[in-house]
Amino acid sequence: MKALLRYSPLLILAIGWELVSRLGLVSGDALPSLTAVAAAWVDLVRDGDLVSNGLASLYRGGAGLALAIMIGGTLGILMARWKPVNVIFGPIVEIFYPVPKTALIPVTVIWLGLGDRSKILLIVLGCMIPVTIGAFNGARSAEQVLIWSARSMGADRIRTLWDVVVPSALPELLNGIRTALALAFILLVSSELITAQNGFGYLIGSLGDNGNYDAMYAVVLTVALLGFAADRLYQVLMHEMLIWRQ
Amino acid sequence: MAQIVVDRVRHTYRPPRGKPVLALEDVSLEVREREFVALLGPSGCGKSTLLYLIGGFLPVESGGIAVDGKPVAAPGPDRGIVFQHFALFPWKTVRGNILYGLERQGMASAERQKRAQHFIDLVGLTGFEDSFPSHLSGGMKQRAALARTLAFDPKILLMDEPFGALDAQTRHLMQTELLGIWQRTPKTVIFVTHDVQEAVYLADRVAVMSARPGRIKTIVDIKVDKTDPGVFKAKAFVDKVDEIWNLVKVEAIKAQGAPAA
């Protein structure tokens with residue numbers, strides 16, 4: 001009931017959308033009615049187009065994000081705890097931070113071609129940044145007395161990194177990953193829109209080019225809902241992992 | 001031979017920005033096995049620094065520190081430490097915190113569990129095994145921290161103003177408990193405090209430190225009957241507190257930069 005109330009603005013928006021379109025206040029091409037979009041969605045699922053393209057996107061997004069978390073998390077923690085790593089990678093991260101990552105789409109295509117690999121690389125490059133920064137700030141906040149406590153109980157330096165620095169970094173690291181998750185959707189769909197033979201972005205582009213706007217809207221909505229669901233799921237996971245802070 | 005030998009140690013504190021500060025100069029101290037020594041001095045005199053040096057957390061700049069005849073180079077489980085702000089791992093439960101040291105010692109799982117429970121019971125935290133530190137009061141956190149350190153059985157207990165963050169009532173209870181535990185399982189204790197009464201009540205000897213740069217100014221032997229429930233009012237106790245307080249007062253005034261009265 002509470003959730004229903006909370007999302008009631010969305011329901012109002014949906015009803016408004018349907019009305020505006022039905023009453024002919026905007027052209028059906030610019031904004032097809034929600035019911036028409038829903039019908040197109042069912043067709044897309046039945047044809048298998050949505051699923052096959054969705055799986056292609058899911059693979060790219062998942063692989064890219066997983067690599068970004070592994071590389072970015074390790075890099076951020078090492079940068080925070082080991083000065084030479086920070087001296088070498090600090091400026092690189094700083095310079096790379098404000099670059100609009102979509103500008104790298106043609107670059108990654110030149111390097112790795114039109115297939116999966118260029119999209120995965122783009123997502124890794126883009127998503128690494130918030131993960132690295134989160135891990136770095138989190139690891140720097142690791143309290144000296146906790147590190148000393150672990151050392152006095154017999155943990156060596158590497159062990160301390162894993163047992164104390166990583167859990168200390170977790171709250172900020174998990175926030176960085178949340179930003180990366182949203183970024184992964186953006187980079188995935190934009191790169192597929194520009195150059196791809198399949199995926200959500202490709203489907204949106206090709207349906208739009210063919211004037212099949214009902215179906216195009218259906219894919220856009222699907223991506224939006226998937227993004228929303230992924231973020232909610234992630235928040236639940238994050239809450240579980242940080243249960244000790246409540 | 002003394003168990004802990006601090007020999008003409010000097011330490012300079014180098015802040016990330018600003019001028020280096022000479023924190024300890026020419027500090028020498030010997031502590032015998034199973035002795036309880038309090039390090040007492042005005043704030044900023046380097047008493048905690050000295051404790052961290054013995055713990056092996058900070059590098060010795062000149063002079064030397066040896067424990068059982070071996071020079072101290074790094075932290076080790078022969079020297080357990082209890083900090084003022086508990087330093088419990090916030091992501092581990094009370095039990096998890098206590099188990100951690102035992103895991104690092106490579107103790108078998110069944111024995112670890114048994115031993116952790118024993119120390120949880122010992123410090124009166126039965127029923128709070130699965131609580132996270134954020135759900136405990138200050139006194140309970142310090143009990144958990146004490147249990148964690150006692151559990152892996154260090155020969156030496158380094159305590160850095162462990163009761164300084166507690167309210168007066170809890171502090172007194174904890175002092176009595178610590179004394180009880182120490183009498184049952186004797187360990188060498190170095191206890192940093194700025195509370196004269198606490199030092200006289202707990203320690204066999206009180207090392208009074210001078211204002212910065214810290215040196216050991218005097219070492220006072222304490223001989224009071226701690227089993228006497230009225231010990232705080234006993235003449236021997238009150239006289240000792242007065243005697244030491246007069247020594248500390250001079251240093252505290254110096255530390256504030258005011259002329260000694």
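Predicted model: local features only at pLDDT ≥ 70, side-chain atom pairs only at ≥ 80, totals over all residues.
Let's start with strand β9 of chain B, which covers residues 205-209. This strand is mostly covered, with four of its five residues buried.

Strand β9(B) pairs with β3(B), residues 36-40, in the parallel sense, and four bridges link the two. If you look for B:L39, you will find B:A207 of β9(B) opposite. Strand β9(B) also pairs with β10(B), residues 216-221, but here the strands run antiparallel, with five bridges. One pair to look for is B:R205 with its bridge partner B:D221 in β10(B). A hairpin of six residues connects β9(B) to β10(B).

Now move to strand β4 of chain B, residues 62-67, which is joined to β1(B), residues 4-13, by five bridges in the antiparallel sense. Here B:I4 has B:V67 of β4(B) as its bridge partner.

Strand β4(B) also runs antiparallel to β5(B), residues 70-71, with two bridges between them.

## Where chain B meets chain A

How many residues of chain B are in contact with chain A? There are 20, and they touch twelve residues of chain A. On the chain B side, the elements giving two or more residues are β6 (79-82) and α2 (94-104). This side of chain B has twelve nonpolar, six polar and two charged residues.

Methods:
Residues numbered from 1 in each chain as written. Chains lettered and ligands numbered in written order. Buried ≥ 20, exposed ≤ 12 C-beta atoms within 10 Å, placed from the backbone. Pairing = 2+ DSSP bridges. Contact = placed C-beta atoms within 7 Å. Nonpolar A, V, L, I, M, F, W, Y, C, P; charged D, E, K, R; others polar.
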